[in-house]
Amino acid sequence: MPSISSQFYATEEELAEMVSSWLNSYDINGAAVFFFPFSVINISSQTIEAGGLSAWPDEFVFSEYEISCSAKKQSEFMDANTDILILNLGSLGPRGLSESHLSTLESTPTWKKIASDLKRRTKAGMKGKHEQNGAEGVDRNCRYTPGAKRLYESGISLRQFPQSAIVMSPLPVNK
């Protein structure tokens, strides 16, 4: 089966709402993954809705099967959970909002539905501009939520990763 890969910008609140919605809407299990030090905890939509996480994770993972959370290292976790859909979470920091990413190597009907839901919640098309040399380019596949667009309009930079010299901006939607 083909893989799923989608990069997008979203606020923490929008990401939490997506995760909660997916856990409520589909027969899937979820886990929050933290790095440095590595740890994994099972979650439910109620965990997200009630603010039950002591800290915001680095990523959420989803599985149509039980998620094994006993691994002590990320490589062990990935080896034990090969069928997962991964939502790497962008974050808001001093240099702006970094990109989130939804991906899996093996798409299933459920993962396709979640990817479609993400597309319904976002708009496609962004322009990138290099801060130092002014070079510009368009990425028609990169997506953004209404909250990310509001952050950009308020002066917050959107970047693929915090150290990036390229600032992304939402493109106008042609209707």
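**Note on the predicted model**

1. The structure holds zero disulfides, a disulfide being a pair of cysteine sulfur atoms within 2.5 Å. Of the cysteines, C142 is buried at a relative accessible area of 0%, and C69 counts as partly exposed at 21%; buried here means under 20% relative accessible area, exposed over 50%, and partly exposed in between, with a 1.4 Å probe and protein chains only.

2. This is a predicted model, in which local features need pLDDT of at least 70 and side-chain atom pairs count only at pLDDT 80 or more, while totals for chains, interfaces and linings use all residues. Residues are numbered from 1 along each chain as its sequence is written, and side-chain values use heavy atoms, with hydrogens and water left out.

3. Helix α1 (residues 12-25) packs with helix α4 (residues 109-121) at an angle of about 145°, their axes lying 11 Å apart. Axes are lines fitted to C-alpha atoms, for helices over the stretch in contact, and angles run from 0 to 180 degrees between N-to-C directions; helices are DSSP runs of H or I with at least four residues, and strands are runs of E with at least two, numbered from the N terminus.

4. On the α1 side, the contact (heavy atoms within 4.5 Å) is made by E17, M18, S21 and W22, and on the α4 side by I114, D117, L118 and R121. By class, this contact of α1 with α4 has four nonpolar, one polar and three charged residues.

5. S164 sits in the loop between β11 (158-159) and β12 (166-170), and S164 is buried, with a relative accessible area of 7%. Leaving aside neighbours within four places in sequence, S164 is in contact with R95, E131 and R159.

Notes. Nonpolar A, V, L, I, M, F, W, Y, C, P; charged D, E, K, R; others polar.
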